[in-house]
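I opened my notebook to look up a few contacts in this structure. Here is what I wrote down as I went.

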Amino acid sequence: MDILIWITSAIALSWFMAYSRASLSSYTLAFAVLMLLGTFFSVISFVGWVVFALVALPLNVTNFRKQYITSPLLALYKGIMPEMSRTEQEAINAGTTWFDADLFRGAPDWQKLHNFPQPRLSAEEQAFLDGPVEEVCAMIDDWHTTHERADLSPEIWQYLKDNKFFAMIIKKKYGGLEFCAYAQSRVLQKLTGASSVLSSTVGVPNSLGPGELLQHYGTKEQQDYYLPRLVKGEEIPCFALTSPEAGSDAGAIPDFGVVCKGEFEGKEVLGMRLTWDKRYITLAPVATVLGLAFKLQDPDGLLGDEEDLGITCALIPTDLDGVITGRRHFPLNVPFQNGPTQGKDVFVPLDFIIGGPKMAGQGWRMLVECLSVGRAITLPSTSAGGIKSLAMATGAYSRIRRQFKLPIGKMEGIEEALGRIGGNAYLMDAVTTMSTGAIDLGEKPSVISAIAKYHLTEKMRACVTDSMDIHGGKGICMGPNNYLARGYQGAPVAITVEGANILTRNMIIYGQGAIRCHPYVLAELQAAGNKDSKQALDDFDHALFGHVGFAVSNIFRSLWFSLSGSRLLKTPYQDETRRYYQLMTRFSSNLAMLSDVAMLTLGGDLKRRERVSARLGDMLSYLYLASATLKRFNDEGRRAEDLPLMQWAVEDCLYNIQQAMDALLTNFPNKIVGKALRVLVLPLGCWLTKPSDKRDHQVARLLQTPGDARSRLGEGQYLTREDSNLMGQLEQTLDDIVACEPIFEKVCRAVGTKLPFYRLNEVAEQGLACGAINETEAELLRRAEAGRKAAIDVDDFDPADLVADKSLLTGEDKNQPHAA
């Protein structure tokens, strides 16, 4: 055997073993066989065996490896890694990983993805959507709610209570609806299409709040008392976490309680004296029971030896002396009930702690565990529902509204914006479906919930802006017939709550993802913190050498995928999606490799390199968004008519992954490492582009043309065709406009001129007069004209109606002039 052949074989064997992620023992054994072959053909000498032994034996003799390799590295690791705070540890330990872990590990199992069951509604849940949800959507007048009353009407408040809208998450044994997460999402999506005030009011009690915390952690007495009352609407809950001095840094809340003895209801009891100042608390102005987060102190040791017990959650009736509620914030003209609450030296028994005294100091763990579920439902669902409705409305408006003698939706600039709206609407619905499906499978997906919250609220903001650009003057003139302006005004609200989006992207997604989803990092951290030195060494040894093999594998995989273009990878389907699966597998391996290099070169400093974390988090996020999109396409039967929507969404995700990777490498803190990594993962530079003009055109046409694909895009939204529903009116007008276009052309041919596409009622009379159309066709033209006029008209007001301070109109304010 020639030495060159043997070296080539050794390289090929190393490549194959690394690519297939073989264990250290398997690799050693395979290489030993190759060494024997080399000896047989006189290629390997005694010296070669000595070198092999010097490398292989220390690595494979467990006790030697632990003592002389692992132990020093463990000591070094402990010195490098920054100490985690208790709140950070609890946040990392909260929740579970799901398919996000597969995406992080470099080799996603796409068949596993498609084998996850598609979420379904029960008959009871579907009946609730078709009945009470449809009914309350018909009851709401959003202009009256947001402009005239600045609140839901008393009738709607009562309807929500009577029909258990605040009890979707509460178990049936307490009288609740006990809906699955997917059903909750569909309810919120539909409500958002009618009114964001309505969906916010319903969403909060069914997300992070007393009901959720009570069911998981409450004492039996607390559950038996409060849960039935919450179901009946006898109690309106809110949860007070955010303080003026601690917004996104919730662990730094200054609100406190002191364990002490005091009098409550005429008896001396062991309790807490609470002082708090909270703001941005949804439902606080109308709440009857306040879920309160505070730091509990026990200076006199009444509960034990620990003085600072930590963040604690308690239920505080708002009618207690010293509890201040009622005032309201005014969040961007979307006046859902939101406001501050304060209390000073309010004494309550220890039994008011959720879960009782034994749960003192466990509040942060409780909150992050529940937030890992609620964050994946409420804001992603309301964002998706809002954009689904706007996609339908904007598509219809673009076909109805004409400029320069053609529907504005045929203009390329409008098509580009419609492409983004339609593609993102398809993706956003896919993400909420897949994420809530994970919850219904028993997962608490903390990383996925952060991804869904950040990206769907950001996409909502971008799509609302696109829709506003398309509507132009129709969008900016507020009034009863404007279905867009409140959504445009209120878009930033979702960006700020449940963790500000900048924080979520720059720190949370990758900060949790790198530790929770990586197959070895969490084990290494836990081993380093283990007080049992022997167990720590054993665990660290197992994790460390697994990590090394994992990292080496991803380097080889990334290089191979770059050289081969990942075109040799097997995929679950050999159709238009084949290339998508291949590229996503490639990017998954790139993410795993880049993460390990970033952690190795930056160490604990990675925690402070927010832009590095953000870009790695973007890669993970877009892999997840694309996976959800592919799963939706598969679950819905891989229909050809849905292809443009799926393709736009996945191609946009792939482009954004490449952009994030390019930005990471360009700005990598170690420039030499950054350039070396670029050779591995982007040797030919960036080649992926945004969705093409052709794809934008396909999506835009789909949004403007009634059909099954368009109906699926808007499925579940409040599109009922009744006079009080602007969205339903638009849908009817779109149908009428499309149906009367050939009739209009028939009249134009008959009269010998190209008529303008307006005053269709007059066109109807001309068509009847020349005998070109019948009365049925004429009536369709008249109805289409009425709908067309209503769609493009905007509201106007008497000047007096726009003045909030009516004293200005009567001249009572002598310092201000007023119109005659």
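**Aromatic rings**

I began with one aromatic cluster, formed by Trp98, Phe99, Trp110, Phe116 and Tyr581. My rule for a pair: rings of Phe, Tyr and Trp (its six-membered ring) count if their centres lie within 6.5 Å; planes under 30 degrees apart are stacked, over 60 edge-to-face, and the rest tilted. The model is predicted, so local features need pLDDT of at least 70 and side-chain atom pairs count only at pLDDT 80 or more, while totals for chains, interfaces and linings use all residues. Residues are numbered from 1 along each chain as its sequence is written, and side-chain values use heavy atoms, with hydrogens and water left out.

By the ring rule I get 16 aromatic pairs. One of them is Trp49 with Phe52, an edge-to-face pair with 5.8 Å from centre to centre and 90° between the planes. Both residues belong to helix 3 (residues 46-60), and they are three residues apart, so about one helical turn separates them. I take helices (H or I, at least four residues) and strands (E, at least two) as DSSP runs, numbered from the N terminus.

Next I checked cover. Buried means under 20% relative accessible area, exposed over 50%, and partly exposed in between (1.4 Å probe, protein chains only). Trp49 is partly exposed at 26%. Phe52 is buried at 17%.

**Charges over rings**

Here I need NZ of Lys or CZ of Arg within 6 Å of the ring centre and within 35 degrees of the ring normal. Arg65 lies over the face of Phe545, 4.9 Å from the ring centre. Arg638 has its charged end over the ring of Tyr573, at 3.6 Å from the centre.

**Cysteines**

How many disulfides are there? I count zero, taking a disulfide as a pair of cysteine sulfur atoms within 2.5 Å. Cys137 is in no disulfide, and the nearest cysteine sulfur, on Cys180, is 18 Å away. Cys137 is also buried, at 2% relative accessibility.

**Salt bridges**

I counted 37 salt bridges. Each has a side-chain nitrogen of Lys or Arg within 4 Å of a carboxyl oxygen of Asp or Glu.

Which parts of the chain does the bridge between Glu741 and Arg402 tie together? Its N to O distance is 2.9 Å. Glu741 lies in helix 30 and Arg402 in strand 8 (residues 402-403), so the bridge ties together parts that are 339 residues apart in sequence. Glu741 is buried, at 17% relative accessibility.

Then I looked at Arg782. Its side chain meets Glu765 in a salt bridge of 3.0 Å, N to O. This pair links helix 31 (residues 760-769), which holds Glu765, to helix 32 (residues 775-792), which holds Arg782; the two residues are 17 apart. Arg782 also forms a salt bridge with Glu775, where the closest N and O atoms are 2.8 Å apart.

**A loop residue**

Tyr718 sits in the loop between helix 29 (708-713) and helix 30 (726-751). Is Tyr718 buried or exposed? Tyr718 is buried, with 2% relative accessibility.
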